[in-house]
Amino acid sequence: LLHVLRRIFPFQRGLFEGKVANLWCVLSTKPVRIRERLDPELQPLLALAVTLALTLPACVRMLRLGTETRTVGTNITFGDVTHRHWTLLLWANMSSALSFFLASFQVHEKSILLALAPCALLLWQDPVMVDWFSMICCWTLWPLLQTD
């Protein structure tokens with residue numbers, strides 16, 4: 001059981017391994033070198049705090065959207081409201097997945113695909129952004145694609 005928990009939560013490995021294009025990889029270069037300056041026992045807590053801070057705005061927005069009351073007699077049809085809610089849900093999902101990719105502990109290169117999935121569904125709304133984000137995702141997957 002302990003072996004399974006160590007595989008699921010690899011705290012002994014440090015903030016990142018390999019060439020993951022996330023925040024901790026960037027902050028581990030000169031002059032910051034966060035891996036050397038921060039106690040290894042505090043690194044998972046810092047990753048948790050930063051991940052939650054980055055995810056919080058999208059979660060709060062979706063929570064407010066679900067609880068806000070609609071005024072009676074507006075010209076907005078039910079279809080327009082539903083369309084707006086689905087669009088905001090896709091943006092929030094993409095934002096949350098990107099927050100986890102950028103700041104969580106021991107990120108794998110493949111986790112960028114969790115942000116790309118809702119982004120691909122936004123192609124009809126902003127095709128240029130989806131094209132650029134797809135290219136960036138391929139770039140971050142390059143070390144993984146190169147080894148396979």
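In which helix does serine 99 lie? Select serine 99 and the answer is helix α5, residues 78-103. Helices (H or I, at least four residues) and strands (E, at least two) are DSSP runs, numbered from the N terminus.

This is a predicted model, in which local features need pLDDT of at least 70 and side-chain atom pairs count only at pLDDT 80 or more, while totals for chains, interfaces and linings use all residues. Residues are numbered from 1 along each chain as its sequence is written, and side-chain values use heavy atoms, with hydrogens and water left out.

**The whole chain**

Display the entire protein first. The secondary structure comes to seven helices and zero strands, and the pattern along the sequence reads α-α-α-α-α-α-α. Colour the 148 residues by accessibility: 30% of them count as buried, where buried means under 20% relative accessible area, exposed over 50%, and partly exposed in between (1.4 Å probe, protein chains only). The accessible surface of the protein comes to about 10400 Å², and 69% of this surface belongs to carbon and sulfur atoms; accessible areas come from the Shrake-Rupley method with a 1.4 Å probe, and for residues only the protein chains shown count as cover. Among contacts with a separation of 6 or more, 60% are between residues 24 or more positions apart, a contact being heavy atoms within 4.5 Å.

**Serine 99 and its surroundings**

Return to serine 99. Serine 99 is buried because its relative accessible area is 6%. Its side chain reaches the backbone oxygen of leucine 54 at 3.2 Å. A polar contact is a pair of N or O atoms within 3.5 Å; within protein, one must be able to donate a hydrogen and the other to accept it, and residues adjacent in sequence count only if both atoms are side-chain atoms. Next, show Thr51, Leu54, Thr55 and Ser104, with which serine 99 is in contact when its neighbours within four places in sequence are left aside.

Now select alanine 53, in helix α4 (residues 43-67). Alanine 53 counts as partly exposed because its relative accessibility is 48%. Draw a C-alpha to C-alpha distance from alanine 53 to alanine 103: the two are 9.6 Å apart in space and 50 residues apart in sequence.

**The loop between α2 and α3**

Move to proline 31, in the loop between α2 (23-27) and α3 (34-37). The peptide bond from lysine 30 to proline 31 is cis, with omega near 0°. In the loop between α2 and α3, select arginine 33 as well. The phi of arginine 33 is near 50°, a positive value in a residue other than glycine. Most residues other than glycine have a negative phi, and most peptide bonds are trans.

Which residue meets the side chain of arginine 33 in a salt bridge? The partner is glutamate 36, at 3.9 Å from N to O. A salt bridge is a side-chain nitrogen of Lys or Arg within 4 Å of a carboxyl oxygen of Asp or Glu, and by this rule the count comes to one salt bridge. Arginine 33 is partly exposed, with a relative accessible area of 29%, whereas glutamate 36 counts as exposed at 62%.

**The nonpolar cores**

Select Ile112, Cys119, Phe133 and Cys137, the residues with the most contacts inside the largest nonpolar core, which has 15 residues. Helices α5, α6 (112-120) and α7 (127-147) each supply at least two residues of this core, and the largest share, five residues, comes from α7. A nonpolar core is a set of buried Ala, Val, Leu, Ile, Met, Phe, Trp, Tyr and Cys residues joined through side-chain atoms within 4.5 Å. Centre on cysteine 119: with its neighbours within four places in sequence left aside, cysteine 119 is in contact with Met94, Met129, Val130 and Phe133. Apart from this core lies another, of six residues, including Phe16, Trp24, Ala47 and Ala103.

**The nonpolar surface patch**

Finally, select Leu1, Leu2, Val4, Leu5, Ile8, Phe9 and Phe11, which make a nonpolar surface patch of about 750 Å². Patches are made of residues with over 30% relative accessible area and no salt bridge: like charges are joined within 9 Å, nonpolar side chains (Val, Leu, Ile, Met, Phe, Trp, Tyr) within 5 Å. Phenylalanine 9 is in the loop between α1 (2-8) and α2, and phenylalanine 9 is partly exposed, with a relative accessible area of 46%.
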